[in-house]
Amino acid sequence: MAHSLRPIVAAACLVAGGLAVIPLSAEEIQGGPQEPRRVEVVFVLDTTGSMGPLIKGAKRKIWSIATSIVDENPNAEVHMGLIAYRDRGDDYVTKVHPLTRDIQKLYGELLAFQADGGGDWAESVNEALDAAVTKIDWTQGGRTDRIAFLVGDAPPHMDYRQDRKYPEVMKTARERGILFNAVQAGGARDTQRVWRSIAQLGGGRYMPIPQDGGKMVVTETPYDREILNLQIEINKTVLPYGSARQKAEIWDKTLAGANEPPSVASDMATYMRKSGKGAKAVTGDGDLVGDLASGTVELDNIKEAELPEELRSLDRSEQKKIVEANAMKRQELSFRMDGLVKQRDAYMAEAQAKAGPKADSFDEVVKETLRSQLRR
């Protein structure tokens, strides 16, 4: 039955008092299919020396934070970005990492961060906030949630004349529909006063946590080692293509986190499964197996110089055989991974229930805030 007739038929059945009512879908009631919900999250992070312990823990928790968004909104497109800031006279004042769905790339950039600099207490907070509002390509309109987290322990320099001060920046943020939260590491009172004001002006939450980020619990499970080994096997099915830079980035993604605990690999695998990446072994573009499966590219349209090294000397039929073999292998491994991730999720849920109330750590306050604000 054509969709254009269903409202008429449903209404007629109701008027006639019949029992066989044809229900209308949410899409039909609202006039057609809706665009996917888009969740944009940006962290404005103090990377000076005093923030070292918090940054170390945050590197391990980026995947579980991303997963908390997917848990709340299973069909959402998750985009994350990062503004790193220090102060004038340091190696940099701000570094802008734009919004991206390529969470693995963002994770790699976060792994490269080393806390350094600072020393005169106040930092370039105002400039960092302004960069977050004006230099991040936030989506305007549509079904988009725009949420930012300021994370730091020192107040802003209010004596830098050319800076836009935080009250003015927060006014612009509200006009653009960006919700600002403030996470304070440590208990400095001058920072607390400003962070509370930023959260109030930005329409978000003020969250105090310990200087070291709190006890960011890394829960080990009996499934982590097997998940890590399985991820290594999945990574072997990756065929990087494109420019030399893109190929290098893909290889870097397969190695990222190799020195982190197995539980981090488990967190990444959980996100990959829950975010509906399907045949993707890495986030973002550049893996021939995943991009062919998703229809992003066609093998016939890729230049020979951009093909994976092992495919260049082969004819098209041989190339397709190798890609198909890798795809089949990945499908088999992914099926096993799905089962392990479900078992790990159940183990984690039971462990968290036994542990009782969650700690006021960086990752937990961020996840709880995201759940609350995305529901709202």
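Two strands are taken as paired if DSSP finds at least two bridges between them. On this basis, Val42 has Gly81 in E2 as its bridge partner. The structure described here is a predicted model.

The protein chain holds 13 helices and six strands. Its C-alpha atoms fill a box of roughly 70 × 65 × 45 Å along the principal axes. Of the 376 residues in the protein chain, 48% are buried. The chain exposes about 18400 Å², and 51% of this area is supplied by carbon and sulfur atoms. Contacts between residues at least 6 apart in sequence were also examined in the protein chain, and 78% of them join residues at least 24 apart. As for charge, 51 side chains are positive and 55 are negative, with the centres of the two sets 3 Å apart.

An open sheet is formed by six strands in the order E3-E2-E1-E4-E5-E6, and its pairing is mixed.

For Asp46, the bridge partner in E2 is Tyr85. In a regular strand, side chains alternate between the two faces of the sheet.

In E1, eight of the nine residues are buried. In E2, eight of nine residues are likewise buried, so this strand is largely enclosed by the rest of the structure. Helix H5 (residues 125–134) lies across E1, E2, E3, strand E4 (144–152) and strand E5 (179–185). The helix runs at about 155° to E2.

Lys56 is part of helix H3 (residues 52–72). Its relative accessibility is 56%, and because residues over 50% are classed as exposed, Lys56 counts as exposed. Lys56 and Leu110 are separated by 54 residues in sequence, while their C-alpha atoms are 9.3 Å apart in space.

Trp251 belongs to helix H9 (residues 244–255). With a relative accessible area of 43%, Trp251 is partly exposed; this class covers values between the limit for buried residues, under 20%, and that for exposed residues, over 50%. When neighbours within four places in sequence are left aside, Trp251 is in contact with Val238 and Pro240. Leu239 is 12 residues from Trp251 along the chain, and the C-alpha atoms of these two residues are separated by 9.2 Å.

Note on methods: Residues numbered from 1 in each chain as written. Predicted model: local features only at pLDDT ≥ 70, side-chain atom pairs only at ≥ 80, totals over all residues. Heavy atoms only, no water. Helix = DSSP H or I, 4+ residues; strand = E, 2+ residues; numbered from the N terminus. Contact = heavy atoms within 4.5 Å. Axes fitted to C-alpha atoms, helices over the stretch in contact; angles between N-to-C directions. Buried < 20%, exposed > 50% of the residue type's maximum accessible area, 1.4 Å probe, protein only. Areas by Shrake-Rupley, 256 points an atom, 1.4 Å probe, with all protein chains shown as cover. Lys, Arg positive; Asp, Glu negative; His and termini not counted. Charge placed at Lys NZ, Arg CZ, Asp CG, Glu CD.
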